[in-house]
Structures are given as C-alpha cells and as structure tokens.
Amino acid sequence: MAHHHHAPGHDDEHRSENAHDHEHLDWAELAPLLESQAELFTPLYEHALAWLAKEVTDPGLIVDAGSGPGVISGLFAETFPGARIVAVDGSEPLLERARARAERLGAGDRFATLTGDMPGVLAELDYPADLLWASRSIHHLGDQGAALTACVERLAPGGTLAVMEGGLPSRFLPRDIGFGRPGLQARIDAVEEDRFSCMREELPGSVAQAEDWPALLTAAGLHHTRSRTFLLDLPAPVPDRARAYVVESLTRTRDLLGEYLEADDRATLDRLVDPDDPASVHHRPDVFVLAAHTVHSGVRPV
Ligand SMILES: C[S@@+](CC[C@H](N)C(=O)[O-])C[C@H]1O[C@@H](n2cnc3c(N)ncnc32)[C@H](O)[C@@H]1O
C-alpha cells in the first residue's frame, strides 16, 4: 500500500504517504501516477533546468538521485545533449520505465541506471557528478543532512547539487466552490503537513531537522547556495490530462486522508470526486492547477 501525503510544495504523489502504515511504501505501484504527474509538470521542470543550465555548462555526468520513472532524467538528457545521465532509485520497476523513456528519446546510449537504497548506493557511482539532482527524494530519507553530505561526496570539484524540496501546496479549486465550507484545500494541506511529519518520524534512522535547505546545503559543504521557485500554472479551463491529475489527486486525498478530515469536509470531498455528481472535479469548469516547487542549489568548492 502506498502512503502518501502532502506537504507544501510536495507533489501529489506524496499525498497520504503515511496515511496508513509506512513500512510498505510501494513506489512501483505508484509508477503510472508518478509518470503522468511528472509529464504534466514538464513545463515547470523545463524552467528549473533552464535556470540550472545558466550556471552549469557542459556537464559530463548528471545524476538524478531518486529519479522515479525518469521523466526529469529524460529532460536532463534533452537539455544537456553532451551529458551522460545516471538515474538512481530504490525501485527497479521505476528505473525500467526510466530506461524505456531514454530509449524513446534516442538517449539510450548515454543513459544508465543504478538501483539501491539511498544514500548508501550513491557510493557505487563510478564517476563524480558535475550535476546531482534530487527532486522530492531527500525528504524520504531518515537523515536528510547525512543524505546531502553523501550527495556532496559524489560531486566533482565545482559540481552542483540541486534539490527540489518545499514550495507551496498546490491549488485546484477556488476557495469557495459553491457548496461545503470554503477553504477545503487549506484544511487538507494542514492534515497533510501533520501526516508528512509522521511519515518522517517513522523513517528508519529518522533525524529531526529544520527544513532550512540553503542552511543544510551550506552545512554539507556547498558554496553559492541559491533558491528559486518554479510554477506550474494551468488556468481553467484545463486540458483533460490536467483534470485527470486533479481527479486522481483528490481521490487519493479522500481515500488516504479522509479519516483525518472533519465529517463536513469529507462529505464535500466525496462529492468532488464522484463522477456522477455534476459539481465534481470530473465536470466542473473552475478546476485549475497551480503548483509551486522550489529548487535549492549549491556548488562544491574546487
Ligand atoms: C516522490 S518520488 C520523486 C520522483 C522524481 N524525482 C520526481 O520528482 O518526480 C520519490 C522517489 O524516491 C525514491 N526513494 C524513496 N526513498 C528511497 C531510498 N531510500 N532509496 C532510494 N530511492 C528512494 C522512490 O522510489 C521514488 O521514486
């Protein structure tokens, strides 16, 4: 069973992680969701990669740590046609998707994968990375500070570490949707924040850590830290695949976090995900997607 939940700026696949037991987080089961979500978010990632490309010129080796199905790894292959890419993840079925994607993009010959548990598996990389990217994967590791240090150790001198963590909770609906108590999404976010804390506390080797990412990057030995937030702004009326994402997202919220919401909010959410209800997100014209994800980067001193 996948547990998912949402904290600010974490994507929907984090929704309710932890609503159930955390011992069996099954990333492979989430593969189609992770992949379609990352595809929807491609414009956001492209902006983030363009921002990185201004500072990181001609990287020889790019590592995508906690790549999942490799949608972003594929974007790295496109943005940096001279680079080799290694996607690292604990889930082999997800990496299989990443390899298939690289083949489809014509980048199979400069694409490799490494399966194993982070951060330890990073020591198995054969060469130091010029750019190491970790989007929404560090927060799944018990000791985030140690994980960042392990990432920095795999950087070439002058290499860049970029982590995508934090941002803002996503919005799909106006504050007042014409029924139920206004502000539903804000209350869902509050529940998700708490579930996220529980998820972190239950990770093996969990270390409490303030989420000051620039400070954490500095403590891991990086210089020139900078942060920038990128938006996915899909205003209403949304295309079908954006609507499908909202449906999937709120359905997961209902299934995995519903028990933590007040009864009136649960009833509103039930209506919102009911395909037979004309006021559901399946049909309503006011659905939108507004997401904000932050990238924090730093450079290993030469
Ligand atoms: C939320 S997904 C992010 C996927 C992708 N980076 C993205 O931004 O779309 C987190 C990924 O981290 C991987 N992961 C979580 N804990 C891990 C660990 N201890 N070792 C290796 N990979 C891990 C999961 O398999 C999953 O693919």
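Arg271 has a relative accessible area of 35%, so this residue counts as partly exposed; the label covers values between buried (under 20%) and exposed (over 50%), with a 1.4 Å probe and protein chains only. The partner of Arg271 in a salt bridge is Asp277, and Asp277 is buried, at 11% relative accessibility. A salt bridge here is a side-chain nitrogen of Lys or Arg within 4 Å of a carboxyl oxygen of Asp or Glu.

Before we go on, a word on the model. It is predicted, so local features need pLDDT of at least 70 and side-chain atom pairs count only at pLDDT 80 or more, while totals for chains, interfaces and linings use all residues. Residues are numbered from 1 along each chain as its sequence is written, and side-chain values use heavy atoms, with hydrogens and water left out.

**Salt bridges**

How many salt bridges does the rule give? The count comes to 13.

| Asp277 | Arg271 | 2.7 Å |

What does the pair of Asp270 and Arg254 tie together? Asp270 belongs to helix 9 (residues 263–273) and Arg254 to helix 8 (residues 240–257), so their bridge links parts that are 16 residues apart in sequence. Asp270 is partly exposed at 34% relative accessibility, and Arg254 is partly exposed too, at 27%.

In the pair of Glu92 and Arg99, Glu92 is partly exposed at 29% relative accessibility, and Arg99 is partly exposed at 30%. Elsewhere, salt bridges link Glu35, Glu39, Arg97 and Arg101 in a network.

**The chain as a whole**

Now let us step back. The protein chain contains nine helices and seven strands; these are DSSP runs numbered from the N terminus, with helices being H or I of at least four residues and strands being E of at least two. Its radius of gyration is 19 Å, which agrees with the value near 19 Å for a compact globule of 302 residues. That radius is taken over C-alpha atoms, and the globule rule is 2.2 Å times the number of residues to the power 0.38. The C-alpha trace spans about 60 × 40 × 35 Å along its principal axes.

Of the 302 residues, 55% are buried. Contact means heavy atoms within 4.5 Å. Among contacts between residues at least 6 apart in sequence, 76% join residues at least 24 apart.

Thr149 and Pro119 are 30 residues apart along the chain, and their C-alpha atoms are separated by 9.1 Å.
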